[in-house]
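Work through the exercises below with the sequence and the structure open. Try each task before reading its solution.

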Amino acid sequence: MPDYISFLRLFSCSCALLCAGMLHASGLQPWLRELDVIPPAPSAKEKDAWMRQVWTRTAEYAASLSEPAAADDCGDAMVLLVPVFQAWPDGKAAGAALAEILSVPAESIGAVSSWDDLVKHQEAIQERVRFLRLKKLAAYYDSAAIRRAVKRNRDKYGERYAGAEGFLARLDEWEKELGPLDRWVEQAGPGQAALLREMVDLRRKALIEALPEQNGLKEWVSVRRFNPSGKSSFNHDRPANWQGISSMPGPGRRYRSGIVKFNGVSSSSPVEQLLADDRWVGHLDVDFSGEKLMFTGNGFGKKESRPWDVFELDLKTGKKESLTAHMPADTDSYNSCYLPDGRIIFVNTSGMQGVPCVAGVDYVGNLHLYDREKKTTRRLTFDQDNNWFPTMLPDGRVMFLRWEYTESAHYFSRVLMHMNPDGSDQKEYYGSNSYWPNSLFNARPLPGRPGMFAGIVSGHHGVKRLGELVLFDVNRGRTATEGAVQKIPGYGKPVENVTKDQLVQGLKTPYFAEPYPLNDECFLAVSSPSGNQGVTNVVWCDIYDNIVPLTASSYFVYADPAPLGPRKKPSVLHDRVKTESKTATVYISDVYRGRAMAGVPRGEAKALRVFMSEYSPRNTGSHYAMGMESNWDLKVLYGTVPVNPDGSAIFTAPACQPLTLQVLDGEGRALALMRSWFTAMPGETLSCIGCHERQNCAPPARAVMASRQKPAPIVPWYGPARTFSFMNEVQPVLDRHCIRCHTAEGKARGGVPDFMTLEAVKGAPAPVPSLIGTCTPMCAATARRGTIWGWPPRSFSRIRRSFTSSLKKATMAWKCRRRTGTAWSRGWT
């Protein structure tokens with residue numbers, strides 16, 4: 001009987017492979033005939049241009065195919081045959097390359113000097129393509145992990161989980177016969193294809209298909225992209241970890257993309273293409289009904305004025321439309337998220353800011369709220385550098401990632417934030433005051449587990465957007481590895497706190513991106529064995545260290561997998577913002593509470609200094625624009641507000657500004673500096689317990705003095721709000737009190753410093769009264785960028801260059817400031 005069962009298994013596997021072959025009876029011949037119009041490269045000098053032709057023609061052919069599985073065969077064959085093409089016009093060398101690919105003696109192949117010679121071997125090539133795909137589907141085979149999951153499913157579901165004992169018994173048989181299964185799978189050749197297929201089927205059946213609930217995998221979608229120039233790898237497919245999508249080269253025009261649909265997990269090829277486009281497409285978000293989805297992409301027209309927009313695809317009608325076409329033409333929109341009330345949140349570069357350390361060439365995107373019924377858009381965040389990946393939390397709040405680069409001694413600060421959908425109550429969710437994780441991309445909450453989420457931990461420099469898949473629980477803690485539950489894979493192992501720039505360079509475990517939690521144990525994601533080469537394929541993975549490839553392409557880059565179907569809406573939180581207001585109220589319970597004021601005696605704090613950061617405009621800035629490796633941003637000083645004897649404070653502050661506080665003693669000396677910023681929405685009452693207190697702390701049970709007071713106005717600091725600079729604040733004092741002695745003559749006569757001509761910074765440009773006197777703080781700050789903030793003499797030429805560039809950007813800064821109003825209409829006045 002066992003032999004008979006084994007025979008049936010082998011027969012069914014063989015039939016499956018045969019049917020797969022019959023599905024595309026024409027094989028690779030049509031594709032090779034398509035390439036036949038390209039003559040072989042006549043010389044080595046012309047090889048690169050010739051190869052680009054082959055890649056491009058292959059891309060065009062693959063895009064023309066209505067059947068996704070046929071496109072899989074075509075693309076994978078192209079990747080496989082690159083050594084043959086590179087050997088042409090040497091027919092003997094090309095034949096040897098093909099023989100090595102097919103694992104046959106070179107004599108059996110002979111010379112391959114033309115497309116006709118290659119067509120003779122198309123069946124063998126296709127067979128090799130499918131075997132290599134099978135090997136990819138068998139990757140990461142871990143019998144111990146399968147056993148853990150099977151036993152867990154048996155205990156959880158009981159009789160509803162059929163076949164558990166059979167799965168475990170079959171694993172025992174294989175290990176007894178073959179030894180460690182991971183090693184056997186890695187070494188298996190074409191002769192073991194049938195058994196390899198059986199192993200793949202058992203893992204898929206035991207872990208996914210046998211579950212009473214398939215957790216949204218009956219239908220699911222994914223993006224699949226490819227680069228017509230042949231560089232379809234994740235290294236070229238994503239922006240760097242400090243960039244937004246608007247920094248993509250081209251921008252993104254080197255790609256062809258599709259949104260594809262899968263039915264279940266039995267096939268590694270999609271069943272349908274829902275959308276095709278000749279640009280980069282990504283950042284999928286399926287709406288709560290499962291009937292529509294949003295994505296980021298280039299405009300569908302060839303002559304669009306703005307390269308990046310958010311689009312919506314109606315899955316019933318196939319209709320697509322731009323949701324962000326109303327935004328200014330010189331901005332980019334991307335990374336969108338559905339809200340349960342029908343509005344959307346998305347990232348847009350309307351702030352006209354640039355990342356300062358790269359001279360502003362990478363444009364900064366912040367979060368915006370779009371009301372589709374009212375046709376209004378409002379900016380929600382006013383952050384120094386990029387925001388990424390807004391997503392809904394079950395409690396109705398919005399989680400997103402922000403990069404904090406100001407007032408910081410390092411650049412690892414990617415802090416996971418959360419806020420109300422109207423932009424109010426913005427606060428840390430995870431990672432403040434931490435060196436690890438460097439970045440935390442694509443974070444999503446775990447269904448049914450409040451406070452838990454999964455995200456991709458990556459570096460600052462190095463590998464782009466790929467990294468380790470890590471689970472977190474904010475109930476355990478919110479700093480560094482306090483709340484890190486485990487890595488995948490990493491069952492039963494603690495998460496180490498590592499401080500390193502290129503944090504995930506050279507991982508020994510697979511790289512992940514774009515996880516989508518199906519429940520609190522299982523996830524969809526994309527994965528690659530390498531961080532900077534090869535493509536990414538969709539995988540199903542779990543907390544028991546199972547990683548099950550669902551696609552197995554060597555040509556297509558898969559991205560953004562997501563279940564397709566209705567899902568529960570989070571709670572709808574009503575707006576607290578009063579858009580007609582220009583101010584907000586800030587309430588602090590006790591400045592002595594929290595890490596920042598530890599050790600400061602009560603009674604020392606007398607006031608809070610309130611100031612704002614003016615960020616670097618686009619295409620300006622550098623490591624030396626503000627001095628020698630000093631702060632990135634100009635500071636606009638508003639003034640001070642009183643602190644009560646019990647440490648409480650309440651005051652009125654400008655809305656929609658990135659504000660920072662200093663705690664001052666009775667002589668105006670700083671006791672603590674907030675190395676971040678907060679932003680309050682118009683009309684909001686923003687409250688906090690203390691100074692950098694842990695968010696898991698409770699507020700004081702007693703009533704504080706500020707709770708019975710009216711908000712105090714900010715007392716200006718010797719005049720209106722302005723930036724602080726040497727030329728504007730210090731030089732007038734020297735002029736009044738010092739230059740009678742401290743002149744050039746005095747220096748020559750007695751060696752005293754010359755405070756009249758400032759020879760050390762000779763040539764420093766004077767302030768520009770017309771700009772400073774008539775513009776808002778950002779415009780004035782831009783004009784003053786050439787004044788002195790703490791100057792080593794050798795840095796002045798850099799400062800002067802920055803000033804000259806900044807003057808050119810003054811108009812743009814003013815334009816930026818006009819867009820920071822509380823409500824924007826479609827007309828963008």
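**Exercise 1.** How many helices and how many strands does the protein chain have?

Solution. The model is a predicted one. Its protein chain has 19 helices and 32 strands. For the chain as a whole, 57% of the 829 residues count as buried. Next, take the contacts between residues at least 6 apart in sequence: 65% of these join residues at least 24 apart.

**Exercise 2.** Which residues of helix H10 (residues 164-178) meet which residues of helix H12 (residues 193-209)?

Solution. Start with the geometry: H10 and H12 pack at an angle of about 150 degrees, and their axes are 11 Å apart. Their crossing is left-handed. Then list the contacts. From H10 come Phe167, Arg170, Leu171, Trp174 and Leu178. From H12 come Leu195, Glu198, Met199, Leu202, Lys205 and Ala206. Sorted by class, the contact of H10 with H12 has 8 nonpolar, no polar and 3 charged residues. To read the spacing within such a list, recall that an α-helix has 3.6 residues a turn, so residues three or four places apart point the same way.

**Exercise 3.** What is the strand order in the open sheet of 4 strands, and which strands stand at its edges?

Solution. The order is E20-E21-E22-E23, with antiparallel pairing. Strand E20 (511-517) and strand E23 (547-549) each have a single partner strand, so one side of each is left without a neighbour in the sheet. On average, neighbouring strands here are turned by 30 degrees against each other, direction ignored. Now look at one pair: E20 and strand E21 (residues 522-528) run antiparallel and are joined by 5 bridges. Tyr511 stands opposite Ser528 in E21.

**Exercise 4.** How many bridges join strand E25 (residues 583-588) to E28?

Solution. There are 6 bridges, and the two strands run antiparallel. Val586 stands opposite Phe651 in E28. Strand E28 (residues 649-654) is mostly covered, with 5 of its 6 residues buried.

Notes
Residues numbered from 1 in each chain as written. Predicted model: local features only at pLDDT ≥ 70, side-chain atom pairs only at ≥ 80, totals over all residues. Heavy atoms only, no water. Pairing = 2+ DSSP bridges. Axes fitted to C-alpha atoms, helices over the stretch in contact; angles between N-to-C directions. Left-handed = near helix turned anticlockwise from the far one by under 90°. Contact = heavy atoms within 4.5 Å. Nonpolar A, V, L, I, M, F, W, Y, C, P; charged D, E, K, R; others polar. Buried < 20%, exposed > 50% of the residue type's maximum accessible area, 1.4 Å probe, protein only.
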